[in-house]
Amino acid sequence: MSTVGIAMSGGGITGIVAGLSAFNSLITRVYDATSKPDLVVSTVSGGTIGFGIHSNAGDKLTYQMYDSGISYDDANSEVVAEGEIWYANVVNYLNWAPFLTEGADKLGAMQSGWWTDVIDLMFWEGYSVHDYDIAGSDDFEWHANFALLEKDVCPISRSDDGVMKKAEEGLIYASMDMSSGEKVTANNATLEIKHDTVLDVMSYSSSFWAASIVEDKTQYFFLKGSISTGTLGGDDVYLNDGGIVDTTGIVTLLQKKVPKIVAFYNNNDPLESLSSIFAYLFGFEVTTDTMNSLEGWELGQVFDGGVYEEVLANLTDPTIMRAHLTGVQVMDNDYLGVGSYVLEEIMIFSNEYSEEFLDSFDNSEDLKNGLDDNWPNNFPVSIPTFDCNMIAMKADWLVIKWEEELAALLA
């Protein structure tokens, strides 16, 4: 039986909704109709929460699938089948976090473990899943990715292009097998974490809020106690959002030398304004931000740069939003723990604004006029119901658009 890797990127609330929807579409429209190869799922940040929802509540969710004849009223409704739950209920509960609501007092809200409590609350209130029932996937091998920051290098400093200084010695990529609990670090040092349930690791993988704390001296002084900690080879480390090393989720699959990869990139930034996530994987020097790929291109390169411009052009083209490469040479990268091999095939899907998608609806003008200005990839915290359903339909539409290629890859 062949093995295919599925990468679900970070991207905050956008990454959760779009990633959850894309994975459901891949399974229901393509995977179930193939010989069902073994899937290895690698998730980061919002993608981790999205896949966690799918793994723990997927059988009782009603998804918004693509419907070219949908009315505005239906697209603006939480339509659910009897006895089921709206797939994107996360948006109704994740913003309950005191820190994320307007006017919150950071010092009062951000006590140790607060983000784990928020995710716990979301799973129970939003999906009727108790904390003690939250588990790894019964169907697929699942690895959740996070980053480790040595305490000795905090607060961190970054160069003019956003790259973390001392990243090679103080920023380490890590993951956990959400079924076995096995932890892997890129430098092969032993990682010890006091709290390592699936719920806990989901919170580490998605702790986007820690990015400003570990960089700002004042925030670090007052709020460093809110960040979960562990030890790596005996040294104290902070457990951080996986996106500060690899937002895509691809690196873990390369570590495992998976022969084929489907990557859903649903970050909460348009690629034209933030391309470092892919640029660094291909060895291109560009500017990054505080939440993405802080190691830079010199430490982050795993692919030859000769095809990068074509990849980026396809991902940012609103009529394509898909890059497809075959016979890709993966480079040795000791920093990321990746060994050289030939990747047979990789498909990457993006989440850019697409007139082609919007024009595919019978009442396209009504739907266009109803969209938030932040749609589809620039929502700060929560997403309105209408925009959620439009993101979900876009993810499904993109799978339909490239269904033949996906089926061939999964065959």
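Predicted model: local features only at pLDDT ≥ 70, side-chain atom pairs only at ≥ 80, totals over all residues.

Modeller: Glu141 has a relative accessible area of 31% and is therefore partly exposed, a class that lies between buried (under 20%) and exposed (over 50%), judged with a 1.4 Å probe and the protein chains only. Residues are numbered from 1 along each chain as its sequence is written, and side-chain values use heavy atoms, with hydrogens and water left out.

Side chains of opposite charge can pair when their charged atoms come close. A salt bridge here is a side-chain nitrogen of Lys or Arg within 4 Å of a carboxyl oxygen of Asp or Glu, and by this rule there are nine salt bridges. In one of them Glu141 joins Lys256, with 3.2 Å between the closest N and O atoms. This pair links distant parts of the chain, 115 residues apart, since Glu141 is in strand E5 (residues 141-150) and Lys256 is in the loop between helix H11 (250-255) and E11. Helices (H or I, at least four residues) and strands (E, at least two) are DSSP runs, numbered from the N terminus. Lys256 is partly exposed because its relative accessible area is 40%.

Asp196 and Lys183 also meet through their side chains, at 2.8 Å from N to O. Their positions are 13 residues apart, with Asp196 in the loop between E8 and helix H8 (198-205) and Lys183 in strand E7 (residues 183-185). Asp196, at 31%, is partly exposed, and Lys183, at 24% relative accessibility, is partly exposed as well.

A further salt bridge joins Glu356 to Lys401, whose closest N and O atoms are 3.1 Å apart. It connects helix H15 (residues 355-359), which holds Glu356, with helix H17 (residues 385-401), which holds Lys401, across 45 residues. The relative accessible area is 34% for Glu356, so that residue is partly exposed, and Lys401, at 30%, is partly exposed too. Elsewhere, Glu355, Asp359, Glu365 and Lys368 are linked in a network of salt bridges.

Two strands are said to pair if DSSP finds at least two bridges between them. Phe264 has Phe349 in E13 as its bridge partner. On E13 (residues 341-349), seven of the nine residues are buried. Strand E12 (residues 322-330) pairs with E13 in the antiparallel sense over eight bridges, and His324 stands opposite Met347 there.

The strand E8, named with the loop of Asp196, spans residues 191-192 and pairs with E9 in the antiparallel sense over two bridges, where Leu191 has Leu232 as its bridge partner. In a regular strand the side chains alternate between the two faces of the sheet. In E9 (residues 229-232), Gly230 and Leu232 make up the covered face, while Thr229 and Thr231 make up the uncovered one.
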